[in-house]
Every structure is written in structure tokens, then in C-alpha cells.
Amino acid sequence: MNQAIKDSGLEDICEKVKKQRRLSVEDGVRLYRSNNLLALGSMANTARERKNGNKAYYIYNQHINYSNICVNLCRFCAFGKDREDPAAYEMTIEEIVEKIRERMHEPISEVHIVGGLNPDLPYSYYLEMLKEIKKLRPSIHIQAFTVVEIAHLANIAEKSVETVLEELKEAGLGSIPGGGAEVFSSRIREKLCPKKLSPEGWLNTAKIAHKAGLRSNATILYGHIETYEERVEHLTALRAAHDETGGFLTFIPLAFHPRNTDLESLSPTTGFEDLKNIAVARLMLDNFDHIKAYWVMIGPKLAQIALSFGADDIDGTVIEEKITHMAGGETSQALTRKELRQFIREAGREPVERDTLYNTI
Ligand code: V47
């Protein structure tokens with residue numbers, strides 16, 4: 001046991017981590033309350049290296065946000081707009097396909113597609129989008145539509161979530177991104193996103209997707225009004241769901257960016273909080289294979305450090321990210337493969353290019 005852990009008062013938790021015993025809700029809250037970041041990082045690194053050795057994953061991907069028109073208008077979001085807002089937009093299928101066509105010469109393995117809950121686009125738009133992308137680039141993996149969007153599609157199509165997922169899969173959907181989870185707490189939902197799919201709805205839709213053979217990601221949006229207890233509740237709910245289905249690919253803590261949102265008076269997250277969230281997630285989510293440090297939200301420099309605090313993935317080339325940048329994100333819009341590999345190498349890790357399902361490329 002190193003000195004940081006001895007000084008931290010967390011020796012009992014460290015013993016559990018070493019023996020690979022599951023951490024309790026109380027353990028999780030104690031971890032969040034600790035300011036001994038080196039102790040948290042050291043324990044999380046043990047768990048990280050046990051699962052992924054020295055590997056650090058990245059992906060060659062492209063993001064497309066087909067529309068920002070949204071009926072939910074969550075208070076933490078700067079991306080979603082009312083349909084009457086001058087900044088509202090909606091891409092045609094041809095415009096989406098053009099985005100893929102523009103980059104046919106690049107070795108992109110995944111396209112990541114999300115948008116707001118648009119009240120006007122018909123269900124057929126989503127099926128056609130998938131089919132047309134696959135027609136142009138059959139080998140690309142389409143990771144699209146958060147479970148919140150999937151539930152919205154089931155509503156507009158007046159079909160069950162099961163049927164919608166089958167039809168989306170048939171049209172080319174490969175997996176589901178992790179957004180829309182926010183914090184699984186009715187208090188937070190009521191205050192920040194009263195119209196959003198409930199925590200139970202999010203978890204149930206994800207489980208239905210897993211049972212239909214679609215893998216999905218999971219997220220938490222931290223750094224606004226949530227308590228440590230609520231963060232731990234969120235993590236344990238995900239852990240229980242993953243025990244049931246084994247369907248989650250990775251967990252991504254999303255750092256709240258306040259600019260241009262209703263919560264603009266709040267401060268952005270600090271590097272300390274960002275690393276703590278990565279470390280605690282790695283320790284609590286003992287059944288998740290991967291923890292992603294999303295460089296777009298925490299910056300490439302901190303994402304690099306996060307590779308020693310529990311993270312084994314830094315997402316990818318991304319390109320044209322909108323959700324963070326509309327909320328004041330100051331990171332660049334894209335990183336090259338060379339830059340990603342250099343970041344990882346300089347952190348002492350072995351860069352591994354992966355596909356969406358973590359197969360090595
Ligand atoms: O659901 C919204 C969050 C999410 C803000 O699955 C904000 O690999 C910070 O989920 N500040 C969408 N975050 C993005 C997302 C995601 C991103 C990258 C990779 C993956 C993946 C998923 O962004 C939303 C919401 O939780 N968000 N507004 C904001 N102001």
C-alpha cells in the first residue's frame with residue numbers, strides 16, 4: 001500500500017479493490033468525499049491495469065448532429081433549440097450523406113449520430129438516414145440515437161421500443177451512444193430536465209436494446225447541482241443494469257459546460273473534479289470493461305493524465321462536435337490520429353486503434 005493510500009484513510013477500500021470485492025454505496029460516497037486524488041488515482045489505476053493492461057484505446061470517428069431542434073429543452077443544454085429559434089437547424093438526408101461522402105478517403109470506422117427530440121421529423125427520416133449512409137459506406141459502424149431518442153422514435157412511430165430497435169437495426173444501426181442519462185435522480189430530473197425520459201425509462205430502454213443484441217454506452221453529466229450521493233446512486237444503477245445484461249460497452253463521465261445554458265452562473269468543472277470522476281467511476285463500475293476520458297469535454301491534456309487515473313480510452317478524432325462547443329467548450333473540433341497516438345504514447349501507454357466494439361484495428 002503506498003503512502004498516499006495510507007494517508008487517505010481509505011485503506012479498507014484499497015483492500016477491497018486489491019481483492020476485487022465490490023464497493024458499496026458508502027464506499028463510493030467516501031471516495032467522492034476524499035480529496036486525496038493520488039490515493040483515488042492509484043486505486044483506480046490498479047483496477048484499470050487489471051482490465052486493460054497498458055493499452056489506451058482511440059477510434060477514428062466522425063460526429064454528425066442531424067438537428068438541434070428539441071422539445072425537451074433541458075436547462076443544462078446549449079445545443080437544443082426551439083423550432084422557432086433562429087439558430088435551429090435540421091439537416092436533410094442528402095446533407096447528412098454529403099458529410100459522409102466528404103470524408104470517404106479517410107479510414108473512418110464509426111459515425112456517431114445524435115440530435116435533439118425533433119417533433120417534426122418523421123420516423124421514416126431516421127430509417128432512411130441509416131440506409132443511405134450504409135449504401136454509401138457499407139463498412140462504417142453507425143452508433144446513433146441515444147436511448148432518449150429511441151424512446152421518442154417509438155412514440156412518433158406508435159410502435160414498441162422492441163419493434164423500433166429491430167427496424168433501426170435492419171436499416172443499419174450498429175450500436176447506441178450513451179447520452180441522455182444525465183443523473184438518475186428524480187430531484188435532478190425535475191429541476192433540470194422535467195420533460196426528459198425518466199431514469200427508469202432510460203435504463204429500461206437500454207436493457208431492451210441489449211436484449212435485442214445492440215450494445216450501448218452509458219454516461220453521467222456531472223458538475224452542476226448533483227450531490228455525491230446522487231452520483232453514486234447513478235453508478236450503482238448502471239452497475240446493476242450491466243450485471244443483468246452485460247450490454248454496456250463503456251462509461252463516459254461528461255463534464256458540465258455552463259456557458260449559454262440556464263445554469264450559466266455555475267462554474268465549469270475543475271481538473272481535480274474531472275479526474276476524481278474518472279477514478280471513482282473506474283472503482284465503482286467493476287463490471288464495465290472500459291472508462292472513457294472524453295477529450296472534447298476535459299481537454300486533451302487532462303485526458304492524457306486520466307489514462308493513469310482509471311481511464312483506458314480517450315474517444316477519437318471526433319470532428320465537428322457541437323454539444324460541448326455550443327456550451328463554451330474551448331477544445332479543438334478534432335484531433336488527428338497522429339496526435340491521439342502521440343498523446344497516448346507520451347502518457348506511457350500503448351495506443352490501440354479500436355472499432356466501436358473494441359476490436360483492435
Ligand atoms: O446527453 C448536454 C451532455 C450528452 C451539456 O457514447 C452536456 O461514446 C456538458 O452523450 N455540458 C450528449 N455536457 C453527448 C454524449 C456523448 C459524447 C461523446 C461520446 C459519447 C459516447 C456520448 O451531452 C447529453 C448530455 O448529457 N450535455 N449539454 C453541457 N452543457
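Why does Ser-175 count as buried? Its relative accessibility is 0%, so Ser-175 falls in the buried class (buried, under 20% relative accessible area; exposed, over 50%; partly exposed, in between; 1.4 Å probe, protein chains only). The model is predicted: local features need pLDDT of at least 70, side-chain atom pairs count only at pLDDT 80 or more, and totals for chains, interfaces and linings use all residues. Residues are numbered from 1 along each chain as its sequence is written, and side-chain values use heavy atoms, with hydrogens and water left out.

Ser-175 belongs to strand S5, residues 173–176. Strands (E, at least two residues) and helices (H or I, at least four) are DSSP runs, numbered from the N terminus. Residues up to four places away in sequence aside, Ser-175 touches His-141, Ile-142, Gln-143, Ala-144, Leu-214, Arg-215 and Thr-356. Contact here means heavy atoms within 4.5 Å.

Helix H8 spans residues 161–171. Its buried residues are Val-161, Val-164, Leu-165, Leu-168 and Ala-171. They lie on the same side of H8 because their arc around the axis is only 125°, taken from the directions from the helix axis to the C-beta atoms. These buried residues pack against S5, helix H6 (123–136), helix H7 (147–157) and helix H10 (199–211). Gly-172 follows H8, with a positive phi near 130°.

Strand S6 (residues 215–222) contains Ser-216. Ser-216 is buried, because its relative accessible area is 1%. Neighbours within four places in sequence excluded, the contacts of Ser-216 are Ile-176, Ala-206, His-210, Gly-247, Phe-248, Leu-249 and Thr-250. Phe-251 is 35 residues from Ser-216 along the chain, and their C-alpha atoms are 9.5 Å apart.
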